[in-house]
Every structure is written in C-alpha cells, then in structure tokens.
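Here is a short briefing to read alongside the model.

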Amino acid sequence: MPALQKASISNPSNDREHWSACHDCDLLLPIHDITENQVARCPRCNAVLYRHKKNSINKTLAFSLSALLFYIPANMLPILTLNIYGNMGRNTMLNGVFRLWEQGFWWMALLVAICSILMPLFELILLLTISVAIKRQRYSAVLPFAIKLQHLTSSWAMLEVYLLGIIVAIVKMSDLGELVLGQALVCYLILLVFTLCALQSYDRHSVWLATEILRNKTRNNVNMKNKSWPISRL
Ligand SMILES: [Zn+2]
C-alpha cells in the first residue's frame, strides 16, 4: 500500500487549490489538487485536513439509493412481536412513536420521530439529490443549498442510537414473554449499514469542487471536457 504523503501548501495563485481551516489549530491553508492515496495534513499540528475518496459520487449514489429501498420496510414492518400469555403485540417504528404520544411522552415521541425516522430519510434524499445532480452535471441554485442542508442535518440523524435502544428493549422485554424479532429489524440493520456507507463515501470537499465547476460552466457556457479537473475523477 502506498505511503500517505503530505499535500503541497504553497503557491496560492494555483486555481485548483482550495482553502481549508485546520479543525485542531484553526490554521488557514490552501489545499491543492491531491490524488488518490494522498492526504493533506496541517504543517503545524499534523491533523488531517483532507483525504481523497476514490469514486465518491458513484458510491454515495449507490449506497443512498440502496438505503432508501430498505427505509419503508424498516419503518412499516413489525420490528418486534411480544407474546405474553397469549396476548400478541406487534410493534413497528411508527407504532412506537404513536404509543409514546398516546402515553403522554409527546416530547420523546417528537424526538424519536425526528432523529430516527424523518432526519435519516431527509439526509438520504439530500445525498441522493446531490449525487444525481453532480453525476448528471446539472447545476441549479438548489445544489449548494442541498449541500449546506446535508451538513446541518447530519448531526440530527441518529439511526445507530435508536438501534441501541431497540437492543436494550429486546434484552429487557425478553423476560416478560415470548419475543419474536420481525423482518423490520433486519431491514433496519441493512438501512443503517448502507446509510453509514453512504456517509463514509460522501466527500464534501469534492462535492463543493464539482459544484463550483458546474456553476462556472453554467455561467461561462464553457464545455466541461476542456476543464483541467474532470467531474469523472470524483
Ligand atoms: Zn493544525
């Protein structure tokens, strides 16, 4: 495996460099066009500023689309079936929110609905929208807005926290009666894995770079094929 190298941080006149602030020491640095297996590091504290992700757009598109396919069964199918002395109770994700609301825990119902149902869906739709727009090389004012919105929503989507809650509930309820795990639990696990893969593949730096190129192309009516940084590289 090739060794990771430091990216050049000089020559501010280069039009393919982008400025980035170090997350650890706040030093403002220009990051040049780095290739695969290279990583840009801060010269002051050695923190990683940017790591090139290969085939980022295609992977984000594929993983977000796959995750969306499992979203509906994960939320609509029974996730747990509890049998207590012949009384069967099937529970879905949506049922859980309604039950919490009915029992007076409206604030918890809202929190679960926002963090575990609405925000993950919203984030996947945003990732898919951004990937498709860049893949099709279509610029609109919605694209930068969607990128900013994805950045804001990423901290609110907490599928893994909700999954941890389900596991705790399974352990605690297993003593009450016969507990049968539903198909939704499998769909939820797959949804979680695909969502994490989509987020891991997503490269915000490359997305902003592609957006800038598409915007310049739209403004100047220049053919993208003549550009020194082709979109196909992202
Ligand atoms: Zn630093």
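The axes of α1 (56–76) and α3 (residues 106–135) come within 9 Å and cross at roughly 150°. Axes here are lines fitted to C-alpha atoms, for helices over the stretch in contact, with angles from 0 to 180 degrees between N-to-C directions. Please keep in mind that this is a predicted model: local features need pLDDT of at least 70, side-chain atom pairs count only at pLDDT 80 or more, and totals for chains, interfaces and linings use all residues. Residues are numbered from 1 along each chain as its sequence is written.

**Helix contact**

- The contact (C-beta atoms, placed from the backbone, within 7 Å) involves residues of α1 including Ile57, Leu61, Leu68 and Tyr71, and residues of α3 including Ile117, Leu124, Leu128 and Val132.
- Sorted by class, the contact of α1 with α3 has 13 nonpolar, four polar and one charged residues; nonpolar means Ala, Val, Leu, Ile, Met, Phe, Trp, Tyr, Cys and Pro, charged means Asp, Glu, Lys and Arg, and the others, Gly among them, are polar.

**Loop residues**

- Most residues other than glycine have a negative phi.
- Asn46, in the loop between β3 (39–41) and β4 (48–51), has a positive phi near 70°.
- Asn46 counts as exposed (12 or fewer other C-beta atoms within 10 Å, placed from the backbone) because it has 11 such neighbours.
- Asn55 lies in the loop between β4 and α1, and its phi is positive too, at about 55°.
- Helices (H or I, at least four residues) and strands (E, at least two) are DSSP runs, numbered from the N terminus.

Terms used. A residue is buried if 20 or more other C-beta atoms lie within 10 Å of its own, exposed if 12 or fewer, and partly exposed in between; C-beta atoms are placed from the backbone. Two residues are in contact if their C-beta atoms, placed from the backbone, lie within 7 Å.
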